[in-house]
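This report walks through one protein model, beginning with a single residue and widening to the sheet around it. Please keep the sequence and the structure in view while reading.

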Amino acid sequence: MVVLAASIVSKSGKVLVTRQFVDMSRIRIEGLLAAFPKLVGTGKQHTYVETDNVRYVYQPIEALYLLLVTNKQSNILEDLDTLRMLSKLVPEYSYSLDEEGICKTAFELIFAFDEVISLGHKENVTVAQVKQYCEMESHEEKLHKLVLQSKINETKDVMKRKASEIDKSKIDKGRGDKGGFMSLQSMGSGRIESSFSDMSISGGGGGGFGSGSGFGLSTDIDSFSSKSKGRPPSSATAPPKGLGMQLGKSQKTNQFLESLKAEGEVILEDVQPKASQSRSAAPPLTDPITLTVEEKLNVTLKRDGGVSNFDVQGTLSLQILNQEDGLIQVQIETGGNPGILFKTHPNMNKELFSNENILGLKDPNRPFPTGQSGDAGGVGLLKWRMQTTDESMVPLTINCWPSVSGNETYVSIEYEASSMFDLRNVVVSVPLPALREAPNVRQVDGEWRYDSRNSILEWSILLIDDSNRSGSMEFVVPPADSAVFFPISVQFSATNTFSDLKVLNVIPINGGAPPKFSQRTQLITDNYQVV
């Protein structure tokens with residue numbers, strides 16, 4: 001038996017895959033395959049057709065034909081056995097038995113055909129053996145990939161170093177343009193650094209030459225002014241020796257931090273800038289009395305729709321700066337939400353609150369605690385809680401639609417926000433499978449960031465109001481199971497609450513003019529997930 005070619009053709013005669021096992025010109029094989037649809041009859045049960053020179057042995061596979069072209073001297077029983085073997089292999093490698101599926105896996109099918117037929121003769125193999133042979137690893141291929149990956153890693157390292165050097169030179173150039181003096185090490189060190197970033201005053205430079213000698217203890221004025229911003233004013237009068245050593249240390253530390261930032265790491269600044277940031281995030285109290293309304297959301301949404309858990313916990317806290325303002329009562333107004341249960345502090349007069357919505361101590365002669373020491377949230381006056389399964393109460397819903405197509409997974413995420421709240425600083429964190437590089441984000445409403453260390457894609461929207469109650473993001477990653485993209489975590493804040501609690505007035509117990517007060521209201525997420 002000699003198999004001339006194994007092919008897969010459509011019923012209209014279009015050739016999808018063909019593999020020749022003997023020397024044959026392209027014109028000849030194209031002519032043989034073009035003549036096949038004309039020879040196939042309808043209503044016949046046999047699956048072979050003979051011409052003067054060749055025999056066609058075929059088998060229908062849905063809308064396609066699996067076809068063997070053999071010479072007329074071949075054993076038709078062996079040809080049918082070979083055809084059955086190939087018909088078992090085609091579904092193993094093609095995910096769909098149509099033109100698109102066959103064309104996408106054409107090379108895999110050709111390799112499998114080669115394992116079954118060698119030089120026109122059938123090999124004694126099974127389907128499992130063919131799959132094993134096609135999946136066998138090559139040591140040379142592994143070695144080539146390792147060498148290629150090492151070159152890629154080396155190129156990335158060089159790129160990071162160059163980027164760090166460019167950033168450093170820009171910083172140095174900016175400092176030089178401002179007129180700062182370049183600092184030199186003292187003569188006692190025996191060498192002069194050429195790199196501006198490493199220039200600092202050595203420990204023995206306190207007794208160096210005067211400015212007239214040309215080797216004075218000059219420092220970088222801009223560096224000094226920038227470092228002194230986060231310190232007390234007394235640091236400006238520190239001796240030049242100590243200041244120079246601090247300058248040199250800070251520059252080297254900044255280089256290290258810049259190199260880490262260039263690699264994509266998230267760097268937390270030192271204690272002094274962090275303290276200033278926290279102060280700016282929570283401004284100091286300026287009014288004599290401050291009342292803070294805060295609600296925390298604990299929500300678990302189902303990926304297919306519906307609410308698994310919805311829990312709102314709220315607090316009203318009081319902060320008083322001056323002791324003379326401690327003898328007060330607070331009159332409030334609630335939004336009338338029947339699903340909210342209020343609970344006062346044990347020291348509060350419950351009867352006064354239930355009758356007149358006034359919060360006051362049981363002992364009217366006892367003042368409220370004052371000062372900002374202790375708990376930053378102040379003194380708790382009132383707590384409340386709301387639980388529901390009504391999906392209309394959810395301020396933000398997230399829909400995630402992963403779908404696998406070929407060798408890629410397309411993920412479409414959309415949000416829909418309720419008109420009850422204007423949401424601020426919204427961050428949707430989507431877990432991803434382990435990736436070598438950032439996902440391919442095709443479209444996004446807002447900004448995105450990829451955390452490579454934790455393999456999380458963060459989608460950020462600064463503000464969601466009436467102009468953008470809905471939005472979407474689409475990205476592509478390698479094939480992955482849909483469960484990998486859950487649970488999705490959400491963070492946001494709002495300036496109004498479910499309880500709609502308002503402070504109407506602060507009443508002094510001893511009479512007189514009511515003191516000045518302010519109210520702060522915020523809704524934040526404690527644990528908000530889509531599972």
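Not counting residues up to four places away in sequence, Asp311 touches Lys296, Leu297, Asn298, Arg385, Met386 and Gln387, where a contact means heavy atoms within 4.5 Å. Asp311 is found in strand S9 (residues 307–320); helices (H or I, at least four residues) and strands (E, at least two) are DSSP runs, numbered from the N terminus. With a relative accessibility of 6%, Asp311 counts as buried, a word used here for under 20% relative accessible area, with exposed meaning over 50% and partly exposed lying in between (1.4 Å probe, protein chains only). The side chain of Asp311 also makes a polar contact with the side chain of Arg385, at 2.9 Å. A polar contact is a pair of N or O atoms within 3.5 Å; within protein, one must be able to donate a hydrogen and the other to accept it, and residues adjacent in sequence count only if both atoms are side-chain atoms.

The model is predicted, so local features need pLDDT of at least 70 and side-chain atom pairs count only at pLDDT 80 or more, while totals for chains, interfaces and linings use all residues. Residues are numbered from 1 along each chain as its sequence is written, and side-chain values use heavy atoms, with hydrogens and water left out.

**The whole protein**

The protein has 10 helices and 23 strands, and buried residues make up 36% of its 531 residues. Among contacts between residues at least 6 apart in sequence, 67% join residues at least 24 apart.

**The sheet**

Strand S9 belongs to an open sheet of 9 strands in the order S11-S13-S9-S8-S23-S21-S16-S19-S18, with mixed pairing; two strands pair if DSSP finds at least two bridges between them. The edge strands, each pairing on one side only, are S11 (340–344) and S18 (447–451). From one strand to the next the twist averages 15°, based on axes that are lines fitted to C-alpha atoms (for helices over the stretch in contact), with angles running from 0 to 180 degrees between N-to-C directions.

Within this sheet, strand S21 (residues 488–494) has 5 of its 7 residues buried, so S21 is largely enclosed by the rest of the structure. Strand S16 (residues 423–431) runs antiparallel to S21 and is joined to it by 4 bridges, and Val428 has Val490 in S21 as its bridge partner. S21 also pairs in the antiparallel sense with strand S23 (residues 517–530), over 4 bridges. Ser489 stands opposite Gln529 in S23, and Ala494 stands opposite Leu523 in that strand.

**Two further residues**

How accessible are Leu396 and Ile456? The table gives their values.

| Residue | Relative accessible area | Class |
|---|---|---|
| Leu396 | 0% | buried |
| Ile456 | 24% | partly exposed |

Leu396 is found in strand S14 (residues 396–405). Between the C-alpha atoms of Leu396 and Ile464, which are 68 residues apart along the chain, the separation is 9.9 Å.

Ile456 lies in strand S19 (residues 456–464). Its contacts, leaving aside neighbours within four places in sequence, are Ser429, Val430, Pro431, Arg449, Tyr450 and Asp451. The C-alpha atoms of Ile456 and Phe485, 29 residues apart along the chain, are separated by 9.3 Å.
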